[in-house]
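The following exercises concern a single protein model.

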Amino acid sequence: MTKHATQKPVAQKHVTHWIGGKPFDGASARRGDLYEPASGTLAGTVDFAGGDEVDAAVAAAKAAFPGWRDASLSMRAKVLFRFRELVSAHAGEIARLISSEHSKVVSDAAGEVARGLEVVEFACGIPHLLKGGFSENVSTRVDAYSILQPLGVAVGITPFNFPAMVPMWMFPVAIACGNTFVLKPSEKDPSASVRLAELWAEAGLPDGVFNVLHGDKAAVDGLLHHPDVKAVSFVGSTPIARRIYGTAAANGKRVQALGGAKNHMLVLPDADLDLAADAAVSAGFGSAGERCMAISVVVAVDPVGDELTAGIAERVGRLKIGPGDDPAAEMGPLVTRAHRDKVASYLDGGVAQGATLAIDGRDPDVLGGAGGGFWLGPSVLDHVTPEMDAYKDEIFGPVLSVVRAGSYDAAMELISANPYGNGTAIFTNDGGAARRFQNEVEVGMVGVNVPIPVPMAYYSFGGWKDSLFGDSHAHGMEGVHFYTRTKAVTARWLDPSHGGVNLGFPTSG
C-alpha cells in the first residue's frame, strides 16, 4: 500500500525568459504553473511568451548573428571550452535543478548532464569540423573550394524529459558553427535552460547569441512562422514532430524533427537471461520510462518468455521508488498528474484487450510517503499482441509490454511492421544472428546486448520511419551539416600572361 506523509511546503519561484544576454525585464501576459511532482504541490510559475517576446528573442539573435558569424574559429572554440568547464563545475547544481522540477532521481539527472556535455566537447573541435575541400588547378590556373557557413537564427524546441541533455544535442553545435540560437524548452521544467544561459554569458558568449523563450503552443507557432528563423530542431512526440516539420518547412525553414518511439528488445533463446532481465528493467523503468529511447516492448522468442518475465518481476520487486532528492530512490514520479493517469489507463486497457497484468504499479510503496505526488510504479503487461493499444501507442511511462514470438523471423516481422523506427536491441550470444539483425532491422539506432543504444556525440542521434521528419539526425557530423550550408567557390587569379576577351562557352581544359 502507498504510504502517506505530511507534505512539506515548497518555496515559490518565478522563471522568466533570457533574451539578449539577460533575464527578460518585461511583463508577460500569461504564466504557467510549475509543480513539484513528488508532492503534487505548486512550486512556482513560468512566464509564457507571446508575440512581443518571440519578436524580441529572434531580434536579439538576429542582431548578434553578424558578429558571431565573423568571430574566428579559435574564439568560438575558446568560448565553448570555457562553457564546457563551467557546466562541468556546476553539473551537480544543474542536476538538482532538473530533479526539483522533473523529479527524476539526482543520479539520473547527473547522467543527463554528462551526456549533454559530450556534445559540448564534440563542438569544441569546431575548427576541424568546419574544414572544407580544396582542388587546385581544376582548369588552367583555376582553383575550386567549398566552405561551410552558418544559416542565421536557429531554434530548438525541446521536451520535458531531458531538460539539459536534449537542448545540448542542439545548441552547442549550432553556436559552434556560427549561428545564433533561441531555445524553447518545456514549460514543465524550465530552470535548467536558464542556468545554462547564465553559464554561456559567464563563458564570454556575446549577448544575443543564446536566448531562452518559455511558453506553450503560442510561442512555438510564433517561432515556426517567424521570417527571421532559418532552422528548427525539435524533439517530442510523433504527432507534434509531424506538425512542426510541415509548418516550418512550409515557411521555408530547414527542419529536423525527432518524433516518438516504440523500442523493441529482442531476446533470443540463447541469450544470457540474467543480462536480458537486468537490461529490460533498466531500460524500461529508468527515468520512469519517460524517454524516447526506453525499451517499451520485450519480444521474447520461445521458449524463454516465462523465465524472462519472472526475472523481470523479481528485479522490479527490489526497486526503490521515491522523490528525486532521496539518495536511496532509483525511480521518481511522473511529470504531471494528467500524464500519470493517462499512462496508468493502459493497464486496465491492456487487460480488457486480453493482456495479463504481470506487475501492477498503480499503488507503489514510496520512500518517505507518496503524499499527493504523481506516482506510478513499474508495471508489466504480458502476452501483449500487436493490435492492443498498449503495443501501438507510445505510452511514455513505466509500462513494459512483453510479446511472445515463435521464431526470430516472426519477431523481425513484428519489429519491421511497427511504424516507429527509433531504437532497438537484440540480446543473443550468436554473432551471426546479431549481425543479421543489425543488417535487416529498419530502425535508426541498434544495440547488440546494449538496451539503450544512444550514440556517442561524434555519431548522430535519430531514428527512421515515423521517428524522424527531415533528413538530418542530431549532433555528430549530421548536426554540423544541418547547421551549415555549403558554398562552392571557383577562383582564378590572373597572371601577366593572360589572354584577351573570349566569348566562347567556358570549358575545362
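**Exercise 1.** In which loop is the place of Asn449?

*Solution.* The model is predicted, so local features need pLDDT of at least 70, side-chain atom pairs count only at pLDDT 80 or more, and totals for chains, interfaces and linings use all residues. Residues are numbered from 1 along each chain as its sequence is written, and side-chain values use heavy atoms, with hydrogens and water left out. Asn449 lies in the loop between strand E20 (445–448) and strand E21 (464–465); helices (H or I, at least four residues) and strands (E, at least two) are DSSP runs, numbered from the N terminus. Next, the backbone: phi of Asn449 is near 60°, a positive value in a residue other than glycine.

**Exercise 2.** Determine whether Asn449 and Phe396 are buried, partly exposed or exposed.

*Solution.* Buried means under 20% relative accessible area, exposed over 50%, and partly exposed in between (1.4 Å probe, protein chains only). At 29% relative accessibility, Asn449 is therefore partly exposed. Phe396 has 18% relative accessibility, so Phe396 counts as buried. Phe396 is found in the loop between helix H13 (389–392) and strand E17 (399–405).

**Exercise 3.** Describe the surroundings of Glu112.

*Solution.* First, Glu112 belongs to helix H4 (residues 106–123). Second, Glu112 has a relative accessible area of 1%, so Glu112 is buried. Third, leaving aside neighbours within four places in sequence, the residues in contact with Glu112 (heavy atoms within 4.5 Å) include Ile98, Lys104 and Phe162.

**Exercise 4.** Which residue does a cis peptide bond join to Pro303?

*Solution.* The bond joins Asp302 and Pro303, with omega about 10°. Pro303 is located in the loop between strand E14 (295–301) and helix H11 (305–316).
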